[in-house]
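I opened this notebook page to record what I looked up in the coordinates, taking one topic at a time.

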Amino acid sequence: MTDDKEAEGSVHTSVGSQLIIPIAAILFTIYYFYTIIDAPWTAQVAAFIVGSILIILVVLFGLKSVKIIRTGQGALDFDDLITPRSFVPKRLGLLSLTIVYIFIVPSLGFTITTFLFLAMATLLLSEGKNMSLILSLSAGLSLGGYLLFIVAFKTRFPAGPFETLMKVLF
Amino acid sequence: MKKLELDVNRRLILKGSATALGLATVSSFPFGSSLAASFPARNIKVYVPTREGGGADRLLRAVTGVWKNYLSTNFEPSFFPGAAGRVGYEKYMGLAKDDMYELLFGNMGPEVLNWVVKKPTFDLSTFQYFAQVDSDPGILFVSRRSKFKSIDDVIAEGKKRVLNVGVSRLAHPATLGALALAKHTGAKFNPIPLSGGKNTRAGVATGEMDLGALPSGGIVSRKKSFKVLVMFSHKNPLPGRSENAPTMNDHFKTNMPSLIAGSRAFGIKKSAIAKHPDRFNTLETTLKKVFADPAFKKAYLKTKSPWEFIGYRGPEACAEYSRNISKIGQEFKELLSGKKT
Amino acid sequence: MEYDLSFFSEMFVRTFSFWWVIIPAIFLGLVVGAIPGFSAANTIIILLPLTLAMDPEIGLTFMVALYASSRMGAGIPAILVNIPGTAGAAATPLDGYPMTKQGRGQQALAMSFFASISGGLFTTVIALLSLPWLSQIAYYLHSVEMIVIMFFGISLIATIAAKDTLKGLIAGFFGLMIGFIGTDVVYETPRGTFGFLELYDKVPLIPALVGLFAISEAFAIIERQSILTERGKAAMQNPGWSATFEGIRMAASRWWHITWNSLIGLVIGVVPGAGAAIASFVAYQQSKTYSKTPELYGTGHIEGLIAPESANNGVTSGTLVPLLVIGIPGGATAAIMLVVLQYHGVTVGPDLFLTSPELAFGPFTAMAVTYVLMILTALPLARYMSKITVISTIYMAPIIISFTLVGSFVPRAYLFDMNLALVFGVIGYVARKTDYHVAAILIGVILGPLMETYFLRAMKMSQGDIMVIFSSSIGNTLWVLLVISLALPYYMDHRRKKLGDGS
């Protein structure tokens, strides 16, 4: 985590990305408060105490951020989050593949989806190199996962064509 | 479970529909209404609103293990634990088709009380229970280390100070029993929800709670640690195992409806019954036979629960029970939900 | 009780004769412990048909061995890839993972194994010898006292956040708020659930753990060739047994630290409902507070690793105490053991020690023997396991994502939980990249609801009188200790500066 920073060795703070977590926290806290306005006191007491402290902390952080920008030690950018920029496409690709994984696993089942995900994600990261190694590795891992999770541990993972076929055969 | 799967496989192969890639899932066969006469033509899916391996699961396995022989089909349970059963009911009402191939197996008492405290998203009048399987009465109990030896000791002390009563949840028939008893006798009970029977027993055993209110099953099986003080049913089904604990109605000359805390029952969408009365009839008549089958008793006794709890009760009895529970629930709604009605 | 030396030595000899069931259980435990979402509890459920078919004594031995080794297994991915296998190992990566990055993965594993084994063995023996006395703890630590113990755990947020207190606190309090999602324990009012019924029972821990640690880590590591730093890679060039021995030596020289922290674990483990996560957080916080070098924590400091690892194995021995003595399981795994015992018609409770002492003491001797056998079976594996860190992130990141997503699905079998893991993954990624501590968020998510539960229970029992939290003498003693442990670092810091000025 800190490695990249040490490497850069600069004091520049990207205030924009630093503010994401506090803003998310505040928005969530406000939403949370909204859901308990009419609730009995038992539902409110802990959340109101913790949430109020959280809001104070975020306000303090906001003031600190303003100071940082004013003194020129940082700017309202998102550099922290996206550097090194060369990895942005890969990271977004990996995120999209993960979303697709979750989306298609109910219909294609564990084994096939895992194979597709492993193969495509690894090929994305390796920029298409070592195709045959990656394909066989993905096949091996997804089969291993099938044996471990579904055959041995009997998890109720969604069954797809592969799992149904295996069930019919054995 | 394993055996169940094997049976499924054999059926598939026998039907000759083991399509090369097995693309068809078991529940989506193109049979259905054309074969209405030979109901059931495929597996029956059961939604269970509690976790796998829990009490409902064990009871369901004992019932369906025998029931499937009468119906010549298999049962596929799927578990939707969470939110005190709400997840399971919402999923069932949202996803299940009204073709009599999808049932729900829940615990009526606490789950009916859920709807009293907070209305579900679906219309309650479109759902009904049709067969209650067991009846485990709610009780008050103390630790063997407690200074209380009888319910009279508890009431006497409860008139002097507020007693903390450990309960599984507030919206629970056993809690209602405790509240009704307090109201009747003037004793002061403060119900403390401890999230589940295990925690409630721990709370009572460690002395943090003065007493506890739970279904009787988990207490009578731990006779060495706990003593049953009073039962909230019309009669004590387990006199031997509970040292002849009195019922509230007998001891306090009250006229409370029976507060059965463990009341596992099959439920279904009313539209399914309206659409397929013949199929419903098949389910009912075959299920009744299960209760007389010695194989069921044998399977049930393996769950280590008292056989005395078992007994078939039909749709009318289920409806009456639900009505009673929600009526008393309404009476204590403010205490259960923390909100004024 | 009239148990003499010959009784115990016979028990040990007898238990050693079950080595053929203990050793497979150890390996199985290491595997299931290491995969998030799997645990000793759900593995025992899966293997229930097998366990129930065994003789109760052998079945119990098997379960105990699996339980003890799964606890240790959870530390392996925590150290090597920054992914705790269970919530009980959530404090392990704080110092374990930095060691791995420096190429000291083998050494860290050896230390962690040594701390786990010796801490576990020590507390097992203590538990065995002091059963009647220990079992009383549960009668004294009630909701009020547990509130203070929770504060010990939560104060770790401030400890972790030492580098940037404000950001650390924001992360921790954000975690606490997330932890409050779900119904309140008294009236079951849904709160902050975004309308999802799946969140009524609070945020499920495994998806949160998987997202915050594993998925966010997978997104972050792709920009490096491997998880090792350049120096770390050089250090991994000559793997031999030396790092293992060095790790053991370093951990062994801190025997006092292991003793103390495993005792914290034992005491917390005895309380029903508390657990390994609390124990390891409390241990880490205590370890840092009383350390002479608190500034080294979080950078790959030995004591920061052995404190949580010895504590969570202390919990393992502790949870068996209330189970066997008062029939109240201290945790999920113990609860399943209870089911198995009941299936065999064994009634647990004080009488068990009279009616069947081999079953009452058996779990403890089984646990002790398991730890002894682990020295021979698990410890040597450190050398080979640490190799995993040289695997390129090209392969590592997709594997981590797919296998931990499975893990997040397993406990409840809801696809919803995979989505939730992804959401936490995104939160975790942003937190990592902008230097908010993911561990601080996770501590909040884990301890927030526990603390609220104890607090509301105490408040409901006192009918709304807030002063209840100062109503018990044990509780008040704990409050004083808490204040001391919070103030001490500042005092020490102040004194050190003063001394520095003086010289």
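Entry one. I kept in mind throughout that this is a predicted model. I began with the pairing of chain A and chain C, where I found 73 residues of chain A in contact with 67 residues of chain C. For the area that the two chains bury between them I noted about 6300 Å², with 79% of it on carbon and sulfur atoms.

Entry two. I then turned to the polar side of this interface, and noted 12 residue pairs in polar contact between chain A and chain C, both residues being at pLDDT 80 or more. The count of salt bridges between chain A and chain C is 2, and among them I looked up the one that A:Lys64 forms with C:Asp164, whose closest N and O atoms are 3.8 Å apart.

I next asked which elements give two or more residues to the side of chain A that touches chain C. I listed helix 1 (3-8), helix 2 (15-18), helix 3 (20-35), helix 4 (41-70), helix 5 (79-82), helix 6 (88-126) and helix 7 (131-152) of chain A. Helix 6 of chain A gives the most, with 18 residues. By residue class, I recorded that this side of chain A divides into 50 nonpolar, 15 polar and 8 charged residues.

Finally I moved to chain B and looked at helix 4 (residues 108-117), which is largely enclosed by the rest of the structure because 9 of its 10 residues are buried. The buried residues include B:Met108, B:Pro110, B:Glu111, B:Asn114 and B:Trp115.

Key:
Residues are numbered from 1 along each chain as its sequence is written. Chains are lettered from A and ligands numbered from 1 in the order in which they are written. This is a predicted model: local features need pLDDT of at least 70, side-chain atom pairs count only at pLDDT 80 or more; totals for chains, interfaces and linings use all residues. Side-chain values use heavy atoms; hydrogens and water are left out. Buried means under 20% relative accessible area, exposed over 50%, partly exposed in between (1.4 Å probe, protein chains only). Helices (H or I, at least four residues) and strands (E, at least two) are DSSP runs, numbered from the N terminus. Contact means heavy atoms within 4.5 Å. Buried area is the accessible area (1.4 Å probe) that two parts lose on being put together, summed over both. A salt bridge is a side-chain nitrogen of Lys or Arg within 4 Å of a carboxyl oxygen of Asp or Glu. A polar contact is a pair of N or O atoms within 3.5 Å; within protein, one must be able to donate a hydrogen and the other to accept it, and residues adjacent in sequence count only if both atoms are side-chain atoms. Ala, Val, Leu, Ile, Met, Phe, Trp, Tyr, Cys and Pro count as nonpolar, Asp, Glu, Lys and Arg as charged, and the others, Gly among them, as polar.
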